[in-house]
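This report describes one protein chain, element by element. The sequence and the structure are shown first.

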Amino acid sequence: MPVDTKELLHLASPVHLSADKGAEGTRLYVKGFASVETVDRSGDYVDPEEFGIEQFMAAPCLLVNHNFWIDPQGNGVAAGVPVSLNAARLEQNEDDSEMWDIVDLKTKGVVNQ
């Protein structure tokens, strides 16, 4: 049975989040999707294969809902600096049909880790 797969931008980034303005905050490492193969609530669509990954990674900046993160001093800063970004596709895992793999569109390698 064919499976509907989606192309996406797979992102990995350390981020700095702070519970309140007086807290030191906690470092987290986030992986997720910067864009998927659908129109979002704002009517935007980003084709993962057309996105300028090399240009973006020359000066990467992770925002929160298209806005800068507000640090404990009230400054607008990047929420994180992405360390990797891949145009990828979700595919069912060959060994376990309940699992999905994130497969790089260029290398065809799995980028789950």
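## Gly 32 in strand β2

Gly 32 is partly exposed, because its relative accessible area of 22% lies between the limit of under 20% for buried residues and that of over 50% for exposed ones. The residue belongs to strand β2, which spans residues 26-36. Gly 32 and Ser 13 are separated by 19 residues in sequence, and their C-alpha atoms lie 8.8 Å apart in space. The model is a predicted one, and the values reported here are computed from it.

## Overall architecture

Read from the N terminus, the order of the elements is β-β-α-β-β-β-β. The chain has 113 residues, of which 26% count as buried.

In soluble globular proteins, nonpolar side chains tend to be buried together. In this model the largest nonpolar core comprises seven residues, namely Leu 9, Leu 11, Ile 53, Leu 62, Leu 85, Ala 87 and Leu 105. Strands β1 (7-17) and β5 each contribute at least two residues to this core.

Ala 87 is one of the core residues and is located in strand β5. With a relative accessible area of 12%, Ala 87 falls under the 20% limit and therefore counts as buried. Ala 87 and Glu 49 are 38 residues apart in sequence, yet the distance between their C-alpha atoms is 5.9 Å.

## Strand β6 and Trp 100

Trp 100 is found in strand β6, which covers residues 100-104. Its relative accessible area is 37%, so Trp 100 is classed as partly exposed. Trp 100 and Leu 90 are 10 residues apart in sequence and 6.3 Å apart in space, again from C-alpha to C-alpha.

## The negative patch

Glu 91, Glu 94, Asp 95, Asp 96 and Glu 98 together form a negative surface patch. Asp 95, a member of this patch, is placed in the loop that joins β5 (84-92) to β6 (100-104). Asp 95 counts as exposed because its relative accessible area, 77%, is over the 50% limit.

## The salt bridge

Side chains of opposite charge can pair when their charged atoms come close. The count for this model comes to one salt bridge. Lys 106 pairs with Glu 54, and the closest N and O atoms of the two residues are 3.5 Å apart. This pair links distant parts of the chain, 52 residues apart: Lys 106 lies in the segment after β6, whereas Glu 54 lies in helix α1 (residues 53-58). Both Lys 106 and Glu 54 are exposed.

Most residues other than glycine have a negative phi. Lys 108, by contrast, has a phi near 65°, a positive value in a residue other than glycine.

Definitions and conventions
Residues numbered from 1 in each chain as written. Predicted model: local features only at pLDDT ≥ 70, side-chain atom pairs only at ≥ 80, totals over all residues. Heavy atoms only, no water. Patch = residues over 30% accessible without salt bridge, like charges linked within 9 Å, V, L, I, M, F, W, Y side chains within 5 Å. Areas by Shrake-Rupley, 256 points an atom, 1.4 Å probe, with all protein chains shown as cover. Salt bridge = Lys/Arg side-chain N within 4 Å of Asp/Glu carboxyl O. Lys, Arg positive; Asp, Glu negative; His and termini not counted. Charge placed at Lys NZ, Arg CZ, Asp CG, Glu CD. Helix = DSSP H or I, 4+ residues; strand = E, 2+ residues; numbered from the N terminus. Buried < 20%, exposed > 50% of the residue type's maximum accessible area, 1.4 Å probe, protein only. Core = buried A, V, L, I, M, F, W, Y, C linked by side-chain atoms within 4.5 Å.
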